[in-house]
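Reader: I have not looked at this one before. Can you walk me through it?
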Amino acid sequence: MTYDLFIGDRTFSSWSLRGWLMLEKFHLPYQTHMVGLYSGTMSADLAPLAPATLVPVLRTPEGTVVGESLAMAETLAERHPNAGMWPADPAARATARWLCAAMTSGFGALRGSCPMQLQHVNKGFAVSDAVRADLDRLETLWTHAMRNAPVRGQWLFGAYSLADVFYAPVAARIVGYDLPVSDAARRYCETAIDDPAFRAWRAEGLKTTYDPFPYDMGTDTAPWPGDDPR
């Protein structure tokens with residue numbers, strides 16, 4: 001009963017990170033398959049999974065192909081009801097679904113201006129008004145989740161859930177571009193990037209080097225927080 005997960009480059013593919021965390025954090029059996037996101041082989045690599053054209057893609061043990069991260073999340077949660085992927089409390093579960101849906105459809109300025117990269121921290125990045133508005137919205141949603149969580153903890157709903165899966169790349173963007181957020185939001189971001197699964201993902205990504213680096217923002221850089229896994 002092993003899932004097949006098709007992902008892109010770990011240093012840059014935020015949606016691939018979400019797909020991988022769904023399986024890794026909830027201890028579901030899987031095999032990872034790399035898709036040539038930057039090497040030009042993506043179309044050919046995904047051809048057997050048509051009509052999927054983007055990563056990540058999940059293939060169930062029965063052979064069903066599932067694209068789109070939110071559909072993958074719901075499929076896995078349905079197939080593994082005891083894995084605790086959504087909060088057990090009904091109100092928290094509804095809110096967590098809301099936050100995940102908001103992530104998939106929103107924050108366009110943040111996602112467009114700050115592509116995820118896990119190599120270093122960009123210092124002095126110019127934050128636009130649109131990005132600031134996205135950060136303010138994030139703070140509102142995160143604060144709402146934490147204040148109404150059924151249990152207290154370091155994650156959005158106390159215990160780790162799919163909501164934290166969906167916002168892990170957002171935390172990485174905030175850290176990777178040194179974006180201005182509150183102390184509470186900063187602590188949540190630090191928790192997300194210090195999680196052992198996230199660190200393992202990043203370490204694997206750093207095994208691949210790029211010349212030129214795909215997302216050179218023209219700013220000074222600083223080391224990524226924490227010990228360098230290399």
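Reader: What radius of gyration would a compact globule with 230 residues have, and what does the protein have?
Author: This is a predicted model. A compact globule with 230 residues would have a radius of gyration near 17 Å, and the protein has 17 Å, so the two agree.

Reader: And what does the C-alpha trace span along its principal axes?
Author: The span is about 50 × 45 × 30 Å.

Reader: How many helices and strands are there?
Author: The protein has nine helices and six strands.

Reader: How do strand 1 and strand 2 pair?
Author: They run in the parallel sense, with five bridges between strand 1 and strand 2 (residues 30-34). As an example, Phe 6 has His 33 in strand 2 as its bridge partner.

Reader: Which unit do those two strands make with helix 1?
Author: Strand 1, helix 1 and strand 2 form a β-α-β unit, and it is right-handed.

Reader: Now the inside. What share of the residues counts as buried?
Author: Of the 230 residues, 48% are buried.

Reader: Which residues touch the most other members of the largest nonpolar core?
Author: Trp 142 and Tyr 167 do, in a core of 65 residues. Elements that each supply at least two residues of this core include strand 1 (3-7), helix 1 (14-25), helix 3 (69-79) and helix 6 (129-147). Helix 7 (162-176), helix 8 (183-194) and helix 9 (196-205) are also among them, as is helix 4.

Reader: Which helix gives the most to this core?
Author: Helix 7, with 11 residues.

Reader: What does Trp 142 touch, leaving out residues up to four places away in sequence?
Author: Trp 142 touches Leu 156, Tyr 167, Val 170, Ile 174, Ala 185, Tyr 188 and Cys 189.

Reader: What about a second core, which residues does that include?
Author: The second core is separate and has eight residues, among them Val 35, Leu 49, Val 55 and Val 57.

Reader: Different topic. Where does Thr 95 lie?
Author: Thr 95 is in helix 4, which covers residues 90-105.

Reader: Buried or exposed?
Author: Thr 95 has a relative accessible area of 16%, and buried means under 20%, so Thr 95 counts as buried. Apart from neighbours within four places in sequence, Thr 95 is in contact with His 144 and Phe 157.

Reader: Back to the whole protein. What share of contacts between residues at least 6 apart joins residues at least 24 apart in sequence?
Author: That share is 73%.

Note on methods:
Residues are numbered from 1 along each chain as its sequence is written. This is a predicted model: local features need pLDDT of at least 70, side-chain atom pairs count only at pLDDT 80 or more; totals for chains, interfaces and linings use all residues. Side-chain values use heavy atoms; hydrogens and water are left out. Helices (H or I, at least four residues) and strands (E, at least two) are DSSP runs, numbered from the N terminus. Buried means under 20% relative accessible area, exposed over 50%, partly exposed in between (1.4 Å probe, protein chains only). Contact means heavy atoms within 4.5 Å. A nonpolar core is a set of buried Ala, Val, Leu, Ile, Met, Phe, Trp, Tyr and Cys residues joined through side-chain atoms within 4.5 Å. Two strands pair if DSSP finds at least two bridges between them. A crossover is right-handed if, with the strands pointing away from the viewer, the path from the first strand over the helix to the second runs clockwise. The radius of gyration is taken over C-alpha atoms; the globule rule is 2.2 Å times the number of residues to the power 0.38.
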